[in-house]
Amino acid sequence: MVIIKSAFLSNLPGFKWAMNLEITGTGSYIPETKVANADFLAHHFFTPKEESIDLPGEEVVEKFKAITGIEERRYAHTNQTASDLGAQASRQALASSGVDPETLDGIIVAHNFGDMTHNGRQVDILPSLATRVKYQLKIKNPNCIAFDILYGCPGWLQGLIVAYTHIKAGQGQKYLIVGTETLSRTLDPHDRDSMIFADGAGACVVEAREDKGNSGILSTASQTFTEEEAFYLFYGASNNPKEKDHRRYIKMHGSKIFQFALTHVPAAMQKCLDSSGVGIDEVKKILIHQANEKMDEAIVKRFYRLYKKPAPEKIMPMSIGYLGNSSVATVPTLLDQLLKGQLKGHSVQKGDVLLLASVGAGMSINAVTYRV
C-alpha cells in the first residue's frame, strides 16, 4: 500500500485540500495589576537625545493619551513570568476547546524577551517558553513538539500561520498557539514610550477539520522589511544620561514605525483578503495588533480606501485603551474577548469573516483571513 503525504497532494494541479484549520478554543490572561497614566506623573522623562523633558507630568500624560488612546495598562505580578501567563491563557483555551492536552501535536509560543524576572537583567529562553508551558500543562506526550517564535509583535499571528502550514504538510492536526509577554520588565522609566507597553497572554487551540463550509483559515500573508526598517525597534540604553549601568531597554523610532505601518500594512491586508476569494463587503471585523489607537484607525481607513470605500463603523474592536500594548498578546486576547462576547458593541456569528493583522519589530507584517 502506498501512502501519499498531504504535503505532496496539496501541490498537485487541481488538488483541493479537504481539511481546514479552525480555531476551536481561545483563552487569555489579563494581569490583575492596573497601572494608570496618573502613575507616571512623577517620572522624569528624557528624549532619545538625553535632553530633559521639562513639562508638567499632567501635560506629558495628556499628550500621550491623545496620541495612543491609552488610559491604563496591566502589569504582571512580581512573581509571575511570561511562561506563567502563557500557561494560564493556554488552560482557558484548552478548556473552551474540549481538547485533551495529551492529544496536541504541537505548542507554539510567541514572545520577544523570554522569562525575564522582576528587576532582572537577563532574557531567559533556556529552555524555550513553549517547553515551559508544556511542562506547566503537565503534558507527557513526547510527540507534542514545543518551540518558540521570535517575530516581533506579529509573533502570535505568525504562530497561527506556522501551525497552518504544519497541518497542511501532514505534521499533526492539533496545535496550541500562545502569545505572551511581560514588557514591563524591559521598560526605561525615563522614556515616554514606556507608557505604551503592557503585559498579558492570549492563546488558541487550532484543529484540522473537514472543510464542509469553507470555514477556518482562508488565506495568509507575511512580510519582513530589513533595509532601513530593521532597527525601528531595538534594544538601547536609558534616555537618562545618568543611568549608564549597561542595562538595555526596548526602544523604538515611533514616527518611523507609524509611517511604515500606514504605508505597508493596508497593502498586506489587501493581498491577504484578495487571495482568500472573499469580498471586502463580507469582512465583519478587523482585528489589528493594539499598538496605537490613532495608527490602527489610520491603517483601517487606508485599507478601505484601497477598495474605494469608507471604513464601516464598529469594524475594528479596540482594547488598547485599558490594556495597553502587550505585543504578541494583543491580537489573541482581542480575539478571545470578541468570540466570548466580552467586547461591548461587538459580536460575531457563525460564518462571519474576520481579518487579523499585525505589524512589529523586524519590521514584519502579517495577516490572516478567517471565517468563523
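Predicted model: local features only at pLDDT ≥ 70, side-chain atom pairs only at ≥ 80, totals over all residues.
Residues are numbered from 1 along each chain as its sequence is written, and side-chain values use heavy atoms, with hydrogens and water left out.

**The sheet**

Next, show the strands β8, β13, β12 and β11, which in that order make up an open sheet of 4 strands with mixed pairing; strands (E, at least two residues) and helices (H or I, at least four) are DSSP runs numbered from the N terminus, and two strands pair if DSSP finds at least two bridges between them. At the edges are β8 and β11, each of which pairs on one side only. Neighbouring strands are turned by 15 degrees against each other on average, direction ignored. Between β8 and β13, which run antiparallel, there are 8 bridges.

Now select S364, which has its place in strand β13 and is buried, with a relative accessible area of 2%; buried means under 20% relative accessible area, exposed over 50% and partly exposed in between, with a 1.4 Å probe and protein chains only. Its side chain is joined to that of T224 by a polar contact of 3.1 Å, the term standing for a pair of N or O atoms within 3.5 Å, where within protein one must be able to donate a hydrogen and the other to accept it, and residues adjacent in sequence count only if both atoms are side-chain atoms. Beyond four places in sequence, S364 touches Y151, P154, Q223, T224, S358 and V359, contact meaning heavy atoms within 4.5 Å.

Move on to V359, whose contacts, leaving aside neighbours within four places in sequence, include C153, F260, H289, M295 and S364.

**The nonpolar cores**

V359 is also among the residues with the most contacts inside the largest nonpolar core, which has 55 residues; such a core is a set of buried Ala, Val, Leu, Ile, Met, Phe, Trp, Tyr and Cys residues joined through side-chain atoms within 4.5 Å. Helix α6 gives the most to this core, with 9 residues. A second, separate core of 31 residues includes I149, V206, L343 and Y370.

**The aromatic cluster**

Finish with F225, Y232 and F260, which ring pairs link into a cluster; rings of Phe, Tyr and Trp (its six-membered ring) pair if their centres lie within 6.5 Å, and planes under 30 degrees apart count as stacked, over 60 as edge-to-face and the rest as tilted. The whole structure holds 5 aromatic pairs. One of them is F225 with F260, edge-to-face at 5.1 Å centre to centre and 85 degrees between the planes, linking the loop between β8 and β9 to helix α6 across 35 residues. Both F225 and F260 are buried. The rings of Y232 and F260 have centres 6.4 Å apart and planes at 85 degrees, so this pair is edge-to-face.

Notes:
Axes fitted to C-alpha atoms, helices over the stretch in contact; angles between N-to-C directions.
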